[in-house]
Amino acid sequence: MFKQTIYTLLLFALPLSAKILISPIDAMKSTYGYNSTITKTNILLSKSQAKLIEKNSKQKLSSKIFRIFKATKDNKLIGYGVLINKKVRSKNTVVLYFISEDSILKSIEIIAFNEPLEYLPSKNWNSQFKDISTNTMLKSSKDIPTITGATLSARAITNGSRIAFAIYNEMLEGK
C-alpha cells in the first residue's frame, strides 16, 4: 500500500515539475567556452537598488534576489550570465542573459519553460538577442518581433532582457 501511494504521488507530481531545458552552468560553459571557470552568486537588492532597477528597466520586480553567473578564463573576466525568472501566463520561464565584459548581450538561453512547449520560442527567434548594448531598452513588437501564438512568451523574454540589462548596468558593470 505504501509503495502504491508513493507511485501515485510521483505520477501526479511529475507533470508539475519544471521543464528544465539546460542547466545554467552548462549554458555558461557552452557560451563562454568549456575551459572557462564559472562561479555563481546570489545578489539581494536593497529597497533603493530594487527601485532603481525597476525605474531603469520600466519593469516591476517579482523578487529582489537574483542569481548571477561569472565566467573567467585565466583569471580574466569574459562575461556574466544574469538569470531572470518571469511569469508568462500562469507559470514561470527562466532565461539566462549572457552579457560580455564590454556590456554587450551575446545571446540568451531559455533554462526552464513551464508553459506548454508549443509556446517555447525557437532558436531562430532567440538569435535576435545578439550583439545588443545593455543601454538599449528592447520592446516587444518594436525591436523584437512577437511570435504568432506565443506573444506572451516573447513579451516576457524581451521584458526580462530589460531587467537583466538594468541589473548589469547598476550592479556588475565595471566591477
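Biologist: Is Glu115 buried or exposed, and what are the cut-offs?

Modeller: Buried means under 20% relative accessible area, exposed means over 50%, and partly exposed lies in between (1.4 Å probe, protein chains only). Glu115 has 4% relative accessibility, so Glu115 counts as buried. Please note that this is a predicted model, in which local features need pLDDT of at least 70, side-chain atom pairs count only at pLDDT 80 or more, and totals for chains, interfaces and linings use all residues. Residues are numbered from 1 along each chain as its sequence is written, and side-chain values use heavy atoms, with hydrogens and water left out.

Biologist: Which side chain meets Glu115 in a salt bridge?

Modeller: Side chains of opposite charge can pair when their charged atoms come close. A salt bridge is a side-chain nitrogen of Lys or Arg within 4 Å of a carboxyl oxygen of Asp or Glu. Here Glu115 meets Arg89, at 4.0 Å from N to O. Glu115 belongs to the loop between strand 5 (104–113) and helix 4 (123–126), and Arg89 to the loop between strand 3 and strand 4, so the pair ties together parts 26 residues apart in sequence. Helices (H or I, at least four residues) and strands (E, at least two) are DSSP runs, numbered from the N terminus. Arg89 is partly exposed, with a relative accessible area of 28%.

Biologist: Over the face of which residue does Arg89 lie?

Modeller: A charge sits over a ring if NZ of Lys or CZ of Arg is within 6 Å of the ring centre and within 35 degrees of the ring normal. Arg89 lies over the face of Tyr119, 3.9 Å from the ring centre.

Biologist: How many salt bridges does the structure hold?

Modeller: There are two salt bridges. One of them joins Glu109 and Lys123 at 3.1 Å, N to O. Glu109 is in strand 5 and Lys123 in helix 4, so this pair ties together parts 14 residues apart in sequence. Glu109 is buried at 18% relative accessible area, whereas Lys123 is exposed at 60%.

Biologist: How many aromatic pairs are there?

Modeller: A pair of aromatic rings is described by the distance of the centres and the angle of the planes. Rings of Phe, Tyr and Trp (its six-membered ring) pair if their centres lie within 6.5 Å; planes under 30 degrees apart count as stacked, over 60 as edge-to-face and the rest as tilted. The count is three aromatic pairs. Among them, Tyr32 and Phe98 have ring centres 6.1 Å apart and planes at 75°, so the pair is edge-to-face. Both Tyr32 and Phe98 are buried.
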